[in-house]
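I opened my notebook to look this model up piece by piece.

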Amino acid sequence: AFGNNGGFLALAVVAGLWEFLVMTGMHQVLLVFGITAMLQNGVDNFVLTAGGYATWAAFGMALGAFLRFREKDAKVLAFGYFVSALIGGVTEPVLYGIGLRYKRPFLALAAGGFCGGLYAGITHVGTYVMGATNFLAVLGYVGGGTTNLINGCIGVLIAFSVTAVLTYFFGFDKNEEVLQKEA
């Protein structure tokens, strides 16, 4: 009902909150709706699409932290989180290793996911293939044609870039940078 009545804004809200659902395991509940939409319509314009933008926002959080960290050990960890997310599609290391530890990057994650989801909702991006949660996830937009693919990729860039930039500039306060050096 939220997806049907909330329109493009519903997609943005779910994209902004998705990774918090992943941390609690509650994203599994919403995946049922995405799979059902995919089976009935051949496309999902809500749950799977929102989850994809949130995932790219998590990639951006890892990259933003990697670029921001000065301490070698923290930098190496952040890069490892980025690689595991981008290549393997596993976002939990970045969520727990950066988001939960430093807190403020979660705000960047939510903002980036929201912005990417908002663009996708406005441009009616749909996910046509349920599969990879890594960098190959953009192939899920191919089934909707060139416009869907282009808008899908633009939304991905928005989610990734907004989160990376916000994490870099606003994700850490002075006390957390000191903690990072001690860790």
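My entries below go from the whole chain to single residues.

**Entry 1: ground rules.** I am working with a predicted model, where local features need pLDDT of at least 70, side-chain atom pairs count only at pLDDT 80 or more, and totals for chains, interfaces and linings use all residues. I number residues from 1 along each chain as its sequence is written, and side-chain values use heavy atoms, with hydrogens and water left out.

**Entry 2: the whole protein.** I looked up the elements and found eight helices and zero strands. From the N terminus, the order reads α-α-α-α-α-α-α-α. The radius of gyration is 16 Å, close to the 16 Å from the globule rule for 183 residues, so the protein is as compact as a globular protein of that length. I note that this radius is taken over C-alpha atoms, and the rule is 2.2 Å times the number of residues to the power 0.38. Helices here are DSSP runs of H or I with at least four residues, strands are E runs of at least two, and both are numbered from the N terminus.

I also looked up the box that the C-alpha atoms fill. Along the principal axes, it is roughly 55 × 30 × 25 Å. Next came burial: 45% of the 183 residues are buried. Buried means under 20% relative accessible area, exposed means over 50%, and partly exposed lies in between (1.4 Å probe, protein chains only). Then I checked contacts, meaning heavy atoms within 4.5 Å. Among contacts between residues at least 6 apart in sequence, 74% join residues at least 24 apart.

**Entry 3: helix α3.** I looked up residues 47-68, which form α3. At 1.5 Å a residue, its 22 residues should span 32 Å, and the end C-alpha atoms are 31 Å apart, which agrees. The expected span is 1.5 Å times one less than the number of residues. This helix is mostly covered, with 19 of its 22 residues buried.

**Entry 4: where α5 meets α6.** At what angle do the axes of α5 and α6 cross? Helix α5 (residues 92-102) and helix α6 (residues 104-122) have axes that come within 5 Å and cross at roughly 115 degrees. That makes α5 roughly perpendicular to α6. For the cut-offs, under 35 degrees counts as roughly parallel, over 145 as roughly antiparallel, 65 to 115 as roughly perpendicular, and the rest as oblique. The axes are lines fitted to C-alpha atoms, for helices over the stretch in contact, and angles run from 0 to 180 degrees between N-to-C directions.

I listed the residues that touch. From α5 come L95, I98, G99, L100 and Y102; they meet R104, P105, F106 and L109 of α6. By class, this contact has seven nonpolar, one polar and one charged residues. Ala, Val, Leu, Ile, Met, Phe, Trp, Tyr, Cys and Pro count as nonpolar, Asp, Glu, Lys and Arg as charged, and the others, Gly among them, as polar.

Entry 5: R104 counts as partly exposed because its relative accessibility is 34%.

**Entry 6: two positive phi values.** Most residues other than glycine have a negative phi. K103 has a phi near 70 degrees, a positive value in a residue other than glycine. K103 sits in the loop between α5 and α6. H124 is not a glycine, yet has a positive phi of about 60 degrees. I found H124 in the loop between α6 and α7 (146-170). At 63% relative accessibility, H124 counts as exposed.

Entry 7: Which residues touch I158, leaving aside its neighbours within four places in sequence? They are C115, G116 and Y119. I158 lies in α7 and counts as partly exposed at 25% relative accessibility.

Y96 lies in α5. At 38% relative accessibility, Y96 counts as partly exposed. Leaving aside neighbours within four places, Y96 is in contact with M23 and R101. Y96 and M23 are 73 residues apart along the chain, with their C-alpha atoms separated by 8.3 Å.
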